[in-house]
Amino acid sequence: MKFSFEWLRQHLQTDASAAEIADKLTAIGLEVEHVSNPGEALAPFRVARVLTAEKHPQADKLQVLTVDAGEGPVQVVCGAPNAHAGMLGVFGPPGAYIPGSDMTLGVRAVRGVESHGMMCSSRELELGDDHSGIIELPGDAPVGTAFTEYAGLDDPVFDVNVTPNRQDCMGVRGIARDLAAAGMGTLNPLAIPQIEGGFPCPVPIRIEDPDGCPAFFGRAIKGVRNGASPDWMQRRLKAAGQRPISALVDITNYVMLEHGRPAHAYDVAELAGSLNARAALPGEKVLALNEKEYTLEPFMTVIADDAQVHDIGGIMGGEDSGVSEATTDVMLEVAYFTPARIARTGQALGLVSDARSRFERGVDPAFLDEGLAILTGLILDICGGEPSASIYAGNPPVEKRTVTFDYGRTKALGGIDVPEARQREILESLGFELSGNEVTIPTWRRDVEGPADLVEEVARIVGYDQVPSTPLDRAAGVAKPTATRSQLIERRVRRTAAARGLDEAITWSFISDSEAAVFGGSEWLLANPISEEMKVMRPSMLPGLIAASRRNVDRGATSVRLFEIGRRYHGDQEHPTLGLLLAGDRQPRSWQSGKAKGFDAFDAKAEVLALLDAAGAPVANLQVFADAGPTWHPGRSAKLGLGPKTIVAAFGELHPSLSKSLDAPAGAVAAEIYLDAIPASRASGHGRTAYAPPALQALTRDFAFLVPGGLPAESLLRAIRGADKAAISGVRLFDRFESPEGLSLAFEVTLQPLEKSFTDGEIADVSKRIVAAAERLGARLRA
């Protein structure tokens with residue numbers, strides 16, 4: 001939110017500088033992102049008098065002026081038709097930068113006549129759109145005075161980042177209240193005009209959608225003149241980033257920015273019958289003030305007359321009934337719209353406005369009548385006219401909320417020792433009403449709910465820098481580890497993945513309904529999503545990784561190796577998970593290997609096994625299960641587990657329909673490791689077993705078996721390994737061969753002697769047990 005220092009001082013009596021105000025705002029939780037001074041760019045410009053104005057000897061549309069800017073006469077060539085002797089204007093000397101023309105002035109000849117600077121128009125100084133002539137100042141403007149000082153343009157502008165919970169600071173008045181409570185000045189009393197209506201309101205109002213619009217106040221004003229708003233108002237609006245349009249529009253924007261109270265003005269001549277706050281009809285459309293047409297839905301609240309919709313309630317008015325220069329009679333709307341309804345409507349329409357940002361935070365429900373009076377008073381002062389009696393429909397949801405507060409909680413919870421008298425002073429200056437230990441919360445503070453919030457109010461006004469730095473108690477001796485098992489596992493697999501050449505990605509935990517549906521949907525729905533594309537919590541790590549890999553491939557990456565550690569959301573729990581995705585070239589083309597080689601399911605399996613080993617999983621005991629699930633390719637994927645009920649990972653190619661739906665890169669393979677499914681190690685303590693290499697040399701023997709077509713190689717490998725657990729230290733599949741006899745699998749078996757070398761007889765016995773174990777599965781030794 002932007003506002004000028006001069007505007008702030010209308011509500012706050014203060015001697016503080018702009019820098020002091022900015023520092024204090026940030027200290028009390030209203031972060032100042034930037035302080036600028038638009039007048040600094042216009043510092044060289046001076047109030048000047050035109051002494052003479054003669055026709056240019058070489059051009060009919062130019063004049064040669066003699067100008068006095070307080071330092072003696074200078075000659076200026078000017079093409080403005082309104083330039084004449086005796087007038088006062090704004091003079092830019094040589095060296096001054098003209099922001100509206102993006103040029104720096106100098107001494108130069110114009111059609112043979114030397115010109116020492118320029119007399120400026122409003123558009124050239126970016127003070128307005130008028131370029132029909134140069135600025136003409138009143139006759140009492142002091143010659144030689146800096147124009148910014150004379151026009152009040154030397155005024156710092158604050159840009160404050162108001163957090164969503166501070167709806168009370170969406171207006172200059174609320175910010176001034178906080179500064180006064182922080183000791184930066186005195187809050188000026190708010191003057192509410194008392195206005196008596198001269199005739200009954202000609203436009204009835206009613207509410208048919210009380211859930212969306214509980215209260216609707218209004219009144220008509222006839223005989224208004226909708227010209228330009230006053231200079232002081234335009235300056236404040238421009239400082240806030242608003243473009244002045246007309247007096248009536250500017251006044252409604254001004255009240256919104258000053259008091260956080262959005263309002264709307266309708267041209268009575270464009271209305272048919274009464275105004276009604278109702279739910280939109282299915283398919284109903286409205287042309288908004290931004291000149292875009294919106295199709296409405298029944299959950300949206302609108303303001304409509306007997307013929308059509310004129311306002312998307314609390315977000316934006318309609319083009320058809322907007323005020324114009326020809327408007328003479330207006331109908332004012334000051335209403336309360338339900339925050340949740342406004343947020344949902346704005347998200348559905350993709351429509352952002354200043355009014356929406358205030359209503360969805362929650363405006364003060366007790367300020368409708370006062371807001372209507374302030375709005376009416378400004379219109380009468382600036383546009384004239386005669387007001388009708390005020391009319392009211394519904395009741396604003398004003399709720400008296402009281403909290404019992406123990407002032408000792410500030411020390412216990414906030415860590416600051418603040419005297420009770422000072423705490424009471426702070427709360428009262430912020431608008432809280434105190435009666436003993438009972439604190440009544442002001443209607444403009446929806447964010448305050450309990451004692452902890454009151455402690456926060458006191459702490460931020462006193463200053464978080466006043467919280468003493470107190471070290472935590474620490475036991476003597478060596479510090480004990482604080483990382484949990486889950487954190488240690490994540491740390492190890494993250495380092496291992498990076499060491500293996502994978503790049504870590506961080507993607508959103510929120511995905512769209514359509515993305516979640518591919519993985520069976522999600523039970524975790526967001527009540528207030530950022531957008532429709534981020535509506536549910538992800539049931540898998542893969543959607544984000546697929547999108548990230550697609551972006552990298554589209555930008556020319558030839559090999560994508562991504563991993564992410566995060567959470568999946570299933571049932572009533574979140575599950576720590578590592579996801580990885582490999583796409584593009586595993587090996588680039590070269591003179592040694594020929595064409596580039598892509599990734600396959602075995603590359604994903606190798607990464608999974610390495611990461612599981614780093615996580616402490618018993619990799620040697622893992623079993624491979626063929627069915628990885630409906631999101632995986634049915635013939636090119638698998639699961640790893642310690643049994644069918646303890647699955648720790650899934651890997652392989654993605655299902656073709658999933659790849660098409662999520663636009664995955666061609667040939668991508670992926671994996672998910674379920675970190676919370678990895679069983680804890682049975683070892684106790686933190687010590688490692690001492691490394692003791694075998695004293696005797698190992699030996700290897702090769703066995704080739706003809707196996708049935710349906711026998712998994714993993715099953716046969718396990719059977720061989722179990723044939724003699726004492727003697728066999730390793731088994732490795734090294735060959736697969738299809739012959740007329742059938743499928744042949746060849747294994748290398750490592751035999752490790754412990755106390756003495758194996759005899760030929762012992763080796764023969766082990767070999768027999770290996771063959772017998774294989775035969776029990778239907779395999780037979782090849783001749």
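# A guided look at a predicted model

Guide: Welcome! By class, the largest pocket is lined by 16 nonpolar, nine polar and twelve charged residues. Here Ala, Val, Leu, Ile, Met, Phe, Trp, Tyr, Cys and Pro count as nonpolar, Asp, Glu, Lys and Arg as charged, and the others, Gly among them, as polar. The model is predicted, so local features need pLDDT of at least 70 and side-chain atom pairs pLDDT 80 or more, while totals for chains, interfaces and linings use all residues. Residues are numbered from 1 along each chain as its sequence is written, and side-chain values use heavy atoms, with hydrogens and water left out.

Visitor: What makes a space a pocket rather than a cavity?

Guide: On a 1 Å grid over the protein atoms alone, a cavity is a set of points where a 1.4 Å probe fits but cannot get out, whereas a pocket is an open set with protein on both sides within 12 Å along at least five of seven lines. A residue belongs to the lining if it has an atom within 4 Å of a point. By that rule 37 residues line the largest pocket, and E126, L127, L153, R235 and K238 lie nearest its centre.

Visitor: Which elements give two or more residues to that lining?

Guide: They are strand 1 (2-4), strand 3 (31-36), helix 3 (147-151), strand 13 (157-161) and helix 5 (231-239). Helix 5 gives the most, with six residues. These names come from DSSP runs numbered from the N terminus: helices are H or I with at least four residues, strands E with at least two.

Visitor: How much space lies in the largest pocket?

Guide: About 1100 Å³. Grid points are joined across faces, edges and corners, and the volume is the space filled by probe spheres set on the points.

Visitor: Is E126 called buried or exposed, and why?

Guide: Buried means under 20% relative accessible area, exposed over 50%, and partly exposed in between (1.4 Å probe, protein chains only). E126 has 55%, so it is exposed. D102 also has a positive phi, near 55°, in the loop between strand 8 (97-98) and strand 9 (103-104). Its relative accessibility is 59%, so D102 counts as exposed.

Visitor: Why is S274 called buried?

Guide: Its relative accessible area is 9%, so S274 is buried. S274 lies in the loop between strand 17 (264-267) and strand 18 (275-279).

Visitor: What contact does the side chain of S274 make?

Guide: The S274 side chain makes a polar contact with the side chain of R206, at 2.6 Å. The term covers a pair of N or O atoms within 3.5 Å; within protein, one must be able to donate a hydrogen and the other to accept it, and residues adjacent in sequence count only if both atoms are side-chain atoms.

Visitor: How do you know which strands pair, and what order do they take in the open sheet of five strands?

Guide: Two strands pair if DSSP finds at least two bridges between them. The order is 6-5-4-7-12, with antiparallel pairing. Strand 7 (residues 88-92) and strand 12 have two bridges, with F91 opposite M119 and G92 partnered by M118.

Visitor: How does the span of helix 15 compare with the expected one?

Guide: The expected span is 1.5 Å times one less than the number of residues. Helix 15 (residues 542-554) has 13 residues and reaches 18 Å from first C-alpha to last, close to the 18 Å expected. Its buried residues include L542, P543 and G544.
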